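Biologist: Could you take a close look at one part of this model with me? I would like to talk about charged side chains.

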Amino acid sequence: MASAASPETQNPLLADWTGRFGLPPFAALKPEQFRPAIDAALAAHRGEIDAIAANEAAPSFDNTIAALERSGRALDRVTNVFFVLAGVDTSDAIEAIEREVSPLLARHSNALHLNRPLYARIAGLHARRDSLGLSAEQARVLDRYHTRFVRAGAALDKPAQDRLAAINERLASLGTQFSQNVLADEKAYALILEDADLAGLPDFARAAARAAAEERGQEGKYAVTLARSSCETFLQFSARRDLREKVFQAWIKRGENGGATDNRALIAEMVALRGERAKLLGFATFADYRLDDQMAKTPAAARKLLDEVWSRARAKAAAERDALQAMIAEEGGNFALAPHDWRYYADKRRKAEFDLDEAEIKPYFQLDRMIEAAFETARRLFGLTFTPADVPLYHPDARAYEVKDASGRPVGLFIGDYFARPSKHSGAWMTSLRDQEKLQGEVTPVILNICNFSKPAAGEPALLSFDDARTLFHEFGHALHGLLSNVTYPLLAGTAVASDFVELPSQLYEHWLEVPEILQKYARHAKTGAPMPKALLDRLLATRTYGQGFATVEYTACALVDLDLHGFKDASALDVADFERRDLARIAMPAEIVMRHRLPHFQHLFSGGGYAAGYYSYMWSEVLDADAFEAFAETGNVFDPATAKRLRDYIYGAGNLRDPVEAYTAFRGRLPTVDALLKKRGLVDETV
Ligand SMILES: [Zn+2]
């Protein structure tokens with residue numbers, strides 16, 4: 001296929017990428033090249049899988065497991081580029097391709113995991129795994145393949161597999177419908193305001209509301225929308241109680257407004273289908289199925305943690321409520337604190353108690369300095385250096401750094417893409433163009449951090465809020481998990497770990513932002529270059545546990561309701577609204593606080609289902625990160641080299657080489673207790 005007219009030479013996605021770090025020729029890529037490239041890559045992978053399954057030679061680790069690990073490379077390469085671009089620089093054309101290829105990829109994955117001859121080879125190898133002479137890593141890879149296939153239904157009979165495939169396809173389209181409904185309800189709502197309605201709103205909130213109104217053709221007016229940043233800002237600052245109530249009601253009713261976008265029936269169907277899938281696979285409930293392959297292992301273990309936190313969080317939230325109610329009384333207000341009042345009075349109280357104003361902090365958090373701070377932390381912990389790399393990228397705002405270790409050995413490429421733009425999805429995440437492995441020669445990873453910080457006017461420094469800086473450190477922790485990966489087999493690389501373990505490297509890294517010596521060095525005033533005054537630094541760090549009663553209740557209620565919802569043995573007659581009401585009554589949810597995500601718009605659970613029966617994961621990881629940072633604190637040196645080495649060997653560098661319980665125990669010498677988390681959130685008794 002070497003003629004000039006062959007698709008390989010016309011379509012750069014199918015050519016060899018010979019540039020540095022194996023980057024694709026971004027400038028030459030066009031949306032219309034993706035569909036044919038993905039089709040070709042899918043066909044190539046199907047061919048490889050068929051050849052492995054039909055191999056006449058007796059199954060061996062190399063001709064089955066390692067062969068699977070070597071397969072699908074073209075597909076990985078093309079889909080990595082596609083999904084990176086779909087997230088950071090999308091367009092109508094890319095979105096249309098995304099809708100087309102997502103079900104194709106799901107079907108491809110089903111066909112792989114329900115391939116009976118292939119599974120027979122894997123199961124045979126797994127049954128005699130102890131006599132195959134495998135290394136520890138090879139044994140882990142084989143075990144992960146076996147688990148993955150079994151959990152996907154590979155061991156079931158044909159009728160059960162057919163039913164499973166049908167359930168998976170139905171769940172996929174219900175998930176898409178669910179998120180489109182939420183998006184439709186969000187788009188449909190805007191509260192249009194006049195100048196006279198803006199009492200309490202700071203300048204930046206007014207400017208954003210004005211821009212939102214303009215976007216809706218309401219020049220000269222102001223709009224509050226249901227984007228989290230818009231409505232939460234309004235709830236925090238607006239002095240108009242009547243308007244706060246309107247916005248809050250619209251916010252918590254997303255997906256529950258009747259008509260075509262109402263999600264309640266979809267949820268009932270999804271929960272029932274998930275329950276049926278779990279039963280086909282031999283589990284009593286979906287929660288049992290889901291947690292069986294997580295660090296927590298059982299719903300009871302996850303619930304035990306949540307229960308331990310819940311009563312303390314409720315007590316702290318009650319104390320917070322009393323303080324806010326007292327504030328209302330002092331102002332002469334004659335009403336009981338309602339959910340739409342909480343953020344407004346909590347912000348007032350923070351200003352009054354800590355004398356801390358966002359405007360005073362912001363000039364000290366420059367983006368470029370905070371990137372340096374994250375790099376410096378990685379140098380002191382792991383000996384890494386970051387040097388700007390001149391490589392062609394997909395957008396002028398993205399920046400690349402070559403990463404090396406203390407001995408000068410190449411570690412990988414880090415790409416930071418920090419500013420919001422219309423073609424980028426909201427939120428912050430880590431992703432990769434290439435993952436680390438050593439199976440076919442040494443491959444170094446290409447890791448990206450995507451954020452949505454406000455882009456400054458030309459010539460001005462980019463300034464972050466303290467929360468933004470925390471997000472930068474969080475995502476950089478994920479990036480290090482990808483960069484430091486030191487495994488042979490791609491299946492185990494980097495962040496490919498249990499979802500209640502994957503937030504450990506990211507949440508742990510946030511702790512170093514709050515280390516005074518890092519802040520003193522890198523939090524410098526954008527105009528004067530002066531370090532942050534000690535008094536301001538102290539006030540900033542003193543607010544760390546402020547409002548944690550509210551935040552913990554808002555989060556933990558969601559995690560408890562999620563476990564209960566997915567813990568039904570028979571969910572065939574589920575009334576979603578009634579269930580939510582009764583379950584919140586059961587856990588004694590405070591009347592002044594609403595779940596952070598009510599079920600009709602709980603996208604973590606129902607848009608794809610990545611966190612279904614898994615919303616507890618954030619807190620599970622937080623137990624680990626709080627305890628892991630204590631390991632450094634206990635040595636008296638937050639950069640203690642011996643502790644950092646264990647952290648690299650067993651966590652950041654270890655991918656999925658070990659079961660998470662084993663990995664954490666190897667790092668810490670024991671499993672964590674909940675104490676450090678309670679302290680971090682200010683939930684120990686004396687501070688309630
Ligand atoms: Zn994260």
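Which residue's side chain meets that of Glu-360 in a salt bridge, and what is the N to O distance?

Modeller: Happy to! This is a predicted model, so local features need pLDDT of at least 70 and side-chain atom pairs count only at pLDDT 80 or more, while totals for chains, interfaces and linings use all residues. Residues are numbered from 1 along each chain as its sequence is written, and side-chain values use heavy atoms, with hydrogens and water left out.

The partner of Glu-360 is Arg-539, at 3.6 Å, N to O. This pair links distant parts of the chain, with Glu-360 in helix 16 (residues 358-361) and Arg-539 in helix 21 (residues 534-542), 179 residues apart. Helices here are DSSP runs of H or I with at least four residues, and strands are runs of E with at least two, numbered from the N terminus. A salt bridge needs a side-chain nitrogen of Lys or Arg within 4 Å of a carboxyl oxygen of Asp or Glu. Glu-360 has a relative accessible area of 35% and Arg-539 one of 22%, so both count as partly exposed (between buried, under 20%, and exposed, over 50%; 1.4 Å probe, protein chains only).

The structure holds 58 salt bridges. One of them joins Asp-659 and Lys-297 at 3.3 Å, N to O. Each sits in a loop between two helices, so the pair ties together parts 362 residues apart in sequence. Arg-399 pairs with Asp-368, their closest N and O atoms being 3.0 Å apart. Because Arg-399 is in strand 4 (residues 399-404) and Asp-368 in helix 17 (residues 367-382), this bridge connects parts 31 residues apart in sequence.
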